[in-house]
Structure formats: structure tokens, C-alpha cells
Protein chains: 2
Amino acid sequence: MTFPIDHVGVVVRDIDAALPFYLELLGFAIVGREKLPAIHVELAYLTTEGKGTMIQLVRPSPPSPLWEHLQLHGEGLHHVCFAVPELGDAVRRLAPGATVSVNRGGRGRRACFLPETHGGGLRIELTEPEPSFGEAP
Amino acid sequence: MTFPIDHVGVVVRDIDAALPFYLELLGFAIVGREKLPAIHVELAYLTTEGKGTMIQLVRPSPPSPLWEHLQLHGEGLHHVCFAVPELGDAVRRLAPGATVSVNRGGRGRRACFLPETHGGGLRIELTEPEPSFGEAP
């Protein structure tokens with residue numbers, strides 16, 4: 001079983017202010033933008049290829065834990081998100097016994113963060129590969 | 001002109017200790033390992049697909065700047081490396097006027113880090129796409 005990289009998450013203070021660097025200098029294109037008030041983030045997904053690993057810009061608001069991270073550490077790399085077939089199985093594999101909070105993340109997909117103690121030094125998000133519009137957990 | 005993601009760099013204290021998480025739990029495979037004493041790092045490149053974005057594990061030693069980062073911040077995400085056709089042109093585009101140090105990085109490729117003031121909040125490495133065995137700069 002392999003869990004490929006879905007995206008790399010970068011926290012920013014202002015998505016519109018961050019975009020020109022990615023679009024005009026690095027040549028990325030916007031795959032999508034969305035606001036997720038339920039989890040207090042605004043997102044933009046960027047790619048150079050239309051598929052493969054994306055950069056996700058995240059503008060968090062309080063009380064998102066990412067907002068606290070932004071206040072403490074400033075803008076920058078935050079997490080790596082791996083695509084997994086099913087969150088429950090993946091959490092049991094990667095972080096057995098851990099309790100995670102499953103949310104409706106970007107692109108309508110169920111997603112969760114692993115406890116940092118189970119990330120091998122990384123902040124790790126997991127996301128299922130397809131949108132799922134039922135109840136979040 | 002587009003600069004796709006080549007790899008995501010993760011600093012670790014011990015590559016052998018870090019590998020089982022990536023290989024056994026996330027299903028990554030080792031593309032290559034190498035020691036670069038000239039720039040004081042040991043590297044392992046990992047992928048789930050044989051191509052596309054890789055994870056690069058970096059075990060730095062002093063006086064590498066990455067060793068100082070590891071001491072200050074611990075293990076974790078360090079940089080995003082973009083593949084560029086030619087370093088000089090890319091640096092002039094992304095960080096006009098900046099002075100960078102070009103090294104022989106992983107896989108025999110010329111590589112450099114941008115000054116952090118020019119990374120849009122990221123620590124950014126640039127690498128050329130093909131091995132080049134001439135003089136580093």
C-alpha cells in the first residue's frame with residue numbers, strides 16, 4: 001500500500017498577496033480556490049502540470065490551529081498531505097491508537113491531521129482521493 | 001516558463017532511523033542514497049511512483065546551514081526544490097540581484113538555495129534537471 005503526496009501545505013497571511021510569486025515567477029496555475037468557514041481556512045491549490053503534487057496555500061483564521069502556527073512561525077511550509085484510500089484504515093496504520101479529528105477539507109474531501117508525535121517529524125495531513133459529500137466523519 | 005516541484009526536503013537526525021516510517025508505513029521506495037561531504041549532507045531520495053515529486057531526507061553535519069536549522073528547529077520540513085532549466089536564469093528571475101552559492105547537490109546536479117527573503121515565505125532550492133559533472137558554478 002502506498003500513500004503518494006497529494007499536496008504540500010504553505011501557510012500565508014494573504015492568498016492574493018502570495019499568488020504572484022507562484023503564478024508569475026514559478027509558473028504555477030490555480031487549480032481551485034475555496035473558503036471553508038467550518039474549519040476557518042481559505043485555500044488555493046496550485047500546480048504546474050494539471051496533476052501530480054500541488055502546492056496548497058492556506059490562509060487560516062482563528063481558532064484554526066494553523067492560525068496559531070502562523071502567528072508563532074510566520075509564513076512558510078506547514079505540512080505534507082498524503083492521499084490515502086480511506087482515512088480510518090490509514091490512521092490505524094500510521095498512528096495506531098491515536099484519536100484524530102476528521103473534517104471536510106479542501107475539494108470536498110474528508111481529511112485529518114495526524115498527531116505530530118506520529119508524523120516522523122512531519123506535520124502530516126491525510127486526505128481521501130475523491131470528494132465525499134456525506135457527513136464529515 | 002514553469003518550475004515544477006522536484007522534491008520536498010526534510011531534515012532528519014538519522015536517515016536509517018527515519019526510513020522505516022516512509023518505506024514501511026507510507027509505501028515509499030528509495031530512489032537513491034548518497035553522501036556529499038563537500039556540502040556536509042547525507043541524502044536519501046524517496047518516491048511512491050518512480051517519478052514525480054520526491055521526498056529528500058537530509059542528514060546535515062556542521063557547518064551546513066541545515067545542521068544549524070536542525071539544532072534550532074528539530075526534524076521536519078525544510079525546503080521545496082524546484083527544477084529549473086538553468087540556475088543563473090532562474091536566480092535572475094526569482095531573486096534579481098541576489099548572490100547565491102551554487103553547489104554540486106544531490107544526483108550530480110548543480111543546485112542553490114535562494115536567499116530566504118526571496119522565497120515568498122518558503123526556503124527554496126533550485127536544481128537543474130540533469131547531472132552535470134563539470135565545475136560546480
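Which residue caps the N-terminal end of α3(B), and how far does its side-chain oxygen lie from the backbone nitrogen of Gly88(B)?

Author: The model is a predicted one, in which local features need pLDDT of at least 70 and side-chain atom pairs count only at pLDDT 80 or more, whereas totals for chains, interfaces and linings use all residues. Residues are numbered from 1 along each chain as its sequence is written, chains are lettered from A and ligands numbered from 1 in the order in which they are written, and side-chain values use heavy atoms, with hydrogens and water left out.

The capping residue is Glu86(B), with a side-chain oxygen 3.0 Å from the backbone nitrogen of Gly88(B). A polar contact is a pair of N or O atoms within 3.5 Å; within protein, one must be able to donate a hydrogen and the other to accept it, and residues adjacent in sequence count only if both atoms are side-chain atoms. Helix α3 of chain B comprises residues 87-94; helices (H or I, at least four residues) and strands (E, at least two) are DSSP runs numbered from the N terminus.

Within α3(B), the residues Leu87(B), Ala90(B), Val91(B) and Leu94(B) are buried (under 20% relative accessible area, with exposed over 50% and partly exposed in between, for a 1.4 Å probe and protein chains only). Viewed down the helix axis, the buried residues of α3(B) fall within an arc of 100°, so they line one face of the helix; the arc is that of the directions from the helix axis to the C-beta atoms. These residues pack against α1 (15-25) of chain A as well as β7 (110-113) and β8 (124-127) of chain B, where contact means heavy atoms within 4.5 Å.

Two strands pair if DSSP finds at least two bridges between them.

β7(B) and β8(B) run antiparallel and are joined by three bridges, with Cys112(B) partnered by Leu126(B) in β8(B). β7(B) also pairs with β6(B), again in the antiparallel sense, over two bridges; there, Asn103(B) stands opposite Ala111(B). Five residues separate the strands of the β6(B)-β7(B) hairpin, where Arg107(B) takes a positive phi near 60°.

Thr127(B), in strand β8 of chain B, counts as buried, with a relative accessibility of 3%. Beyond its neighbours within four places in sequence, Thr127(B) contacts several residues, among them Leu87(B), Arg107(B), Ala111(B), Cys81(B) and Asp6(B). Leu87(B) is also one of the buried residues of α3(B), and Arg107(B) is the hairpin residue with positive phi.

Strand β5 (residues 76-83) of chain B is mostly covered, eight of its eight residues being buried. With β8(B), β5(B) pairs in the parallel sense over four bridges, and Cys81(B) has Glu125(B) as bridge partner in β8(B). With β1(B), β5(B) runs antiparallel over six bridges; in β5(B), Cys81(B) is the bridge partner of His7(B). Five bridges then join β1 (residues 5-11) to β4 (residues 54-60) of chain B in parallel, and Gly9(B) stands opposite Gln56(B) in β4(B).

Chain A superposes on chain B by a rotation of 180° with 0.0 Å of shift along its axis, at an RMSD of 0.0 Å; copies are superposed by least squares on the C-alpha atoms of residues with pLDDT of at least 70 in both. This is the relation of a two-fold axis. The same surface serves both copies, as 100% of the contact residues of chain A recur in chain B.
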